[in-house]
Amino acid sequence: MDKKNVRSPLFYVGDKYKVMNQIQKFIPDDISTWIEPFLGGGSPALNVKANFYILNDLDPNIIGLHKYLAKNANNKEKFFKSQKRTIQKYNLSSSYWNINMPSAELKLEFKKTYYSKKNWTGYKKLKDDFNNKKKTNFKDLYLLLVYGFNHMIRFNSHGDFNLPVGNVDFNNNVVVALNNYFDWIIENDISFYNLDYKEFLKVALNKAPIKEKMFVFLDPPYLVSNSEYNKLWNKKMEEELYKIIDILDEKNINFGITNLAIHKGRENEIFNKWRKKYLSYDLNSNFISYHDNSVKKSREVYVTNYGKTKK
């Protein structure tokens, strides 16, 4: 029976939480340093045992949230009290604390969306106050992520957070994910970086405390997906990424990468051609789009050189 994995408290769209049991079968048991250039929510790192973790994301808000949570790991009680005060201040619901809950009338009128109806006003006020501050407040940004649509982090061209409210609240799943994350931070040696992935790989490979048995896990933007965080990714970047991974293989550094081979009839020809030289495994992923929660006809694949016979 597969072990139960834990989910990142960032609840990132595209996060590998739901497929980690499948991926773990193709990852070494003995890893010295886990290196991850495209961290996102961080569920893979949370569910793999290593001596050291060197983690990176290009988005400063993602890394800022990870560092904010990491800073609070040793004082959980203070963290949760602070979150609860803000939730109460903005009259947001919390099914975990059973406060500001939707009324019976609201639940009857809006049977599937009563949380969004209840929290719309408070969420908008929280978002407006967050956007009016000159410096990012990661405590408030975390709550915007928890209560926002699909738990995304999205800013407009003016730098304002502009995600609408979601049909969720601060519930038991959020608390469980946070506590698991705090335990992971406390128990492990973890470094966070906010660099371009190419620069980060140079730094990480140099800084790895143990050079043997490193593992590089890559979950890059998906070229054939329409997700918000993939907009700046293009074919040239895709080709460049695979050249860099080939160099890792030449250096006998184990890697694993996830990507979409096909999505909604659109094939990633660059990826499919490149992966023929390595081991490929289909993932039963039920790929979810950023814009809605419906399942799209896709083929998500995990590619690795771990276990590949060297010539």
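This is a dialogue on reading a predicted model.

Trainee: What share of the residues count as buried?

Mentor: Of the 311 residues of the chain, 52% count as buried.

Trainee: And what share of the contacts comes from residues 24 or more positions apart?

Mentor: Take the contacts in the chain with a separation of 6 or more: residues 24 or more positions apart account for 68% of them.

Trainee: Now the aromatic rings. How is a pair of rings described?

Mentor: A pair of aromatic rings is described by two values, the distance of the centres and the angle of the planes. A search of the whole structure finds 27 aromatic pairs. One of them is Trp97 with Phe170: the ring centres are 5.1 Å apart and the planes are at 15 degrees, so this pair is stacked.

Trainee: Where do Trp97 and Phe170 lie in the chain?

Mentor: Trp97 is in the loop between helix H4 (76–89) and helix H5 (104–109), and Phe170 is in the loop between helix H7 (138–147) and helix H8 (172–187). The pair links distant parts of the chain, 73 residues apart. Phe170 has 0% relative accessibility and therefore counts as buried.

Trainee: Which pair is tilted?

Mentor: Tyr197 and Trp233 form a tilted pair, with 6.2 Å centre to centre and 50 degrees between the planes. This pair also links distant parts of the chain: Tyr197 is in helix H9 (residues 197–207), while Trp233 is in the loop between strand E4 (215–218) and helix H10 (235–250), 36 residues apart. Both Tyr197 and Trp233 are buried.

Trainee: Which residues do ring pairs link into a cluster?

Mentor: Phe26, Trp34, Phe215, Phe217, Tyr281 and Tyr302 are linked into a cluster by ring pairs.

Trainee: Let us turn to charge. How many salt bridges are there?

Mentor: To count one, look for a side-chain nitrogen of Lys or Arg within 4 Å of a carboxyl oxygen of Asp or Glu. The count comes to 13 salt bridges. In the one between Asp30 and Lys213, the closest N and O atoms are 2.5 Å apart. The two residues are 183 residues apart in the chain: Asp30 is in the loop between helix H1 (20–23) and strand E1 (33–36), and Lys213 is in the loop between H9 and E4. Asp30 counts as partly exposed because its relative accessibility is 43%.

Trainee: What does the salt bridge of Lys277 and Asp246 tie together?

Mentor: The side chains of Lys277 and Asp246 meet at 3.2 Å, N to O. Lys277 lies in the loop between H11 and E7 and Asp246 in helix H10, so the pair ties together parts that are 31 residues apart in sequence. Lys277 counts as partly exposed, at 46% relative accessibility, and Asp246 is buried, with a relative accessible area of 15%. Elsewhere, Lys16, Asp219 and Glu300 are linked in a network of salt bridges.

Trainee: Which side chain of opposite charge is nearest to Arg275?

Mentor: Arg275 is buried without a salt bridge, and the nearest side chain of opposite charge, Asp282, is 5.3 Å away. Arg275 sits in the loop between helix H11 (269–274) and strand E7 (279–283). A polar contact of 3.2 Å joins its side chain to that of Ser280. Not counting residues up to four places away in sequence, Arg275 touches Ala261, Ser280, Arg299, Val301 and Val303.

Trainee: And what is the case for Lys127?

Mentor: Lys127, in helix H6 (residues 114–132), is buried yet has no salt bridge, and the nearest side chain of opposite charge, Asp128, is 6.2 Å away. Leaving aside neighbours within four places in sequence, Lys127 is in contact with Leu144, Phe161, Asn162, Leu163 and Pro164.

How values were computed: Residues are numbered from 1 along each chain as its sequence is written. This is a predicted model: local features need pLDDT of at least 70, side-chain atom pairs count only at pLDDT 80 or more; totals for chains, interfaces and linings use all residues. Side-chain values use heavy atoms; hydrogens and water are left out. Helices (H or I, at least four residues) and strands (E, at least two) are DSSP runs, numbered from the N terminus. Buried means under 20% relative accessible area, exposed over 50%, partly exposed in between (1.4 Å probe, protein chains only). Lys and Arg count as positive and Asp and Glu as negative; His and the chain ends are not counted. A polar contact is a pair of N or O atoms within 3.5 Å; within protein, one must be able to donate a hydrogen and the other to accept it, and residues adjacent in sequence count only if both atoms are side-chain atoms. Contact means heavy atoms within 4.5 Å. Rings of Phe, Tyr and Trp (its six-membered ring) pair if their centres lie within 6.5 Å; planes under 30 degrees apart count as stacked, over 60 as edge-to-face and the rest as tilted.
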